[in-house]
Amino acid sequence: MAPPDEDASELSDVTAVIPAGGVGTRLWPLSRASAPKFLHDLTGGGRSLLQATVDRLRPLVGDRVVVVTGARHADAVRAQLPDIAAADLLVEPSPRDSMPAVGLAAAVLERRDPDAVLGSFAADHVIGDLDVFADRVRQAVHVARTGSLVTLGISPTYPATGFGYIRVGDARRVPGAPDARHTDAFVEKPDAQTARRYLETGDHLWNAGMFVVRAAVLLELLEAAHPDMVRELRRIAADPPSIEQRWGSLPRISIDHAVAEPAARAGRVAVVPAPFAWDDVGDFASLATLLARTGQDEALKVLGDRRLVVNEGSTGLVAAHGGRTVVTLGVDDVVVVDTPDAVLVTTRAHCQDVKGVVATLQRLGREDLT
Ligand SMILES: Nc1nc2c(ncn2[C@@H]2O[C@H](COP(=O)(O)OP(=O)(O)O[C@H]3O[C@H](CO)[C@@H](O)[C@H](O)[C@@H]3O)[C@@H](O)[C@H]2O)c(=O)[nH]1
């Protein structure tokens, strides 16, 4: 485990919270409900996305890391993170999206320390420039201590419809946070036309899926629209076994819809621009681009067992996880994902549509494959 860095005492009130429950459907058949994206090593670095997330946070927060995951994945998470204390692995009986997960962590942390600050970080992103990352997280913490919900914002490069957009406003002066900006609008996953408009106006950032906020403030912001949820989360934090009875009644809602959008309208959200390398690895096309950037520069990017892949003049991505030899011959922008019970063959241009394939398999009654 990496030791906390010299400045860790500066963040002694901060706990990193990692909600780990999203399936990553567009990475099927590699990512599935039984083995979601965050459990996979997608970059060939020897660490899963979840492990890499913890690795990059430990120098900032030391052992103060809480992971919230589903009962189905708890054993795999424990195996990947053997150092995590039992009390810091919160296990939800069923997936209810990110708000109940992060909200539960907030309720638990608030009981440990009424002034606790939490930083919620997605479990399945690839991040570079770790010095810049650390600096921007520290700035976010400074602002969060003053009572705001702080997001980290990525400069958009295309009109994505899969991200939240944050409108950047004036620079409210916050000591210790020279880059922080006020924001008055947070729009989760706009339609294509709106996303194009945001890109043209140039005053929006993508939400990086990270939120820094005092635990008590998060619950206060959530209480405005979802008082029942806050009451139940606090009851679960006070009496953990009661999660089995209480969890099912919680609505399925993301933190973006439940808190970020309304809190931005209420003037309670700030953004710290995040000029570090960031990739949510949403589909195989973006994975191919990422692997190209990280130096695997042959035309065909290979993930998995390279000995099993023979490339004869093809470009694209092969993920060889099925134990078979995969041969590509003269195909451009091909994507082949081989697993023991399912093979995907497509092109980079169609990678976004993989989600629909998963829906089709479910309609056909083949949940076992999804
Ligand atoms: N424990 C738990 N975690 C969950 C659940 N659902 C999602 N999560 C976790 O919450 C985080 C975000 O969820 P995603 O489902 O991956 O969100 P998204 O659709 O990609 O959108 C979010 O991230 C974008 C950046 O990648 C943002 O742009 C967007 O605004 C939003 O915050 C991930 O770490 C995911 O594993 C759940 O039911 N339970």
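How much area do domain 1 and domain 2 bury between them, and what share of it is on carbon and sulfur atoms? Let's walk there. You're looking at a predicted model, where local features need pLDDT of at least 70 and side-chain atom pairs count only at pLDDT 80 or more, while totals for chains, interfaces and linings use all residues. Residues are numbered from 1 along each chain as its sequence is written, and side-chain values use heavy atoms, with hydrogens and water left out.

**Stop one: the two domains.** Select 7-279 and colour it as domain 1, then do 284-369 as domain 2; these bounds come from an automatic or database domain assignment. Their centres, taken over C-alpha atoms, sit 29 Å apart.

**Stop two: the interface.** Here's the opening answer: the two domains bury about 1,600 Å² between them, with 66% of it on carbon and sulfur atoms. Buried area is the accessible area (1.4 Å probe) that two parts lose on being put together, summed over both. Now select Arg26, Trp28 and Leu30, which supply 42% of the area domain 1 buries against domain 2, more than any other three residues.

**Stop three: the charged pair.** The rule finds 1 salt bridge across this interface, a term for a side-chain nitrogen of Lys or Arg within 4 Å of a carboxyl oxygen of Asp or Glu. Show the side chains of Arg32 and Asp341, and you'll see them meet in a salt bridge at 2.7 Å, N to O.

**Last stop: the ligand.** Start at Glu92, where an N or O atom of the side chain is 2.5 Å from a nitrogen atom of the ligand. Next, click Asn207: one of its backbone N or O atoms lies 2.6 Å from a ligand oxygen. Then try Pro19, with a polar backbone atom 2.7 Å from an oxygen atom of the ligand. Taken alone the ligand exposes 730 Å², and the protein buries 86% of that; accessible areas come from the Shrake-Rupley method with a 1.4 Å probe, and for residues only the protein chains shown count as cover.

Key. A polar contact is a pair of N or O atoms within 3.5 Å; within protein, one must be able to donate a hydrogen and the other to accept it, and residues adjacent in sequence count only if both atoms are side-chain atoms.
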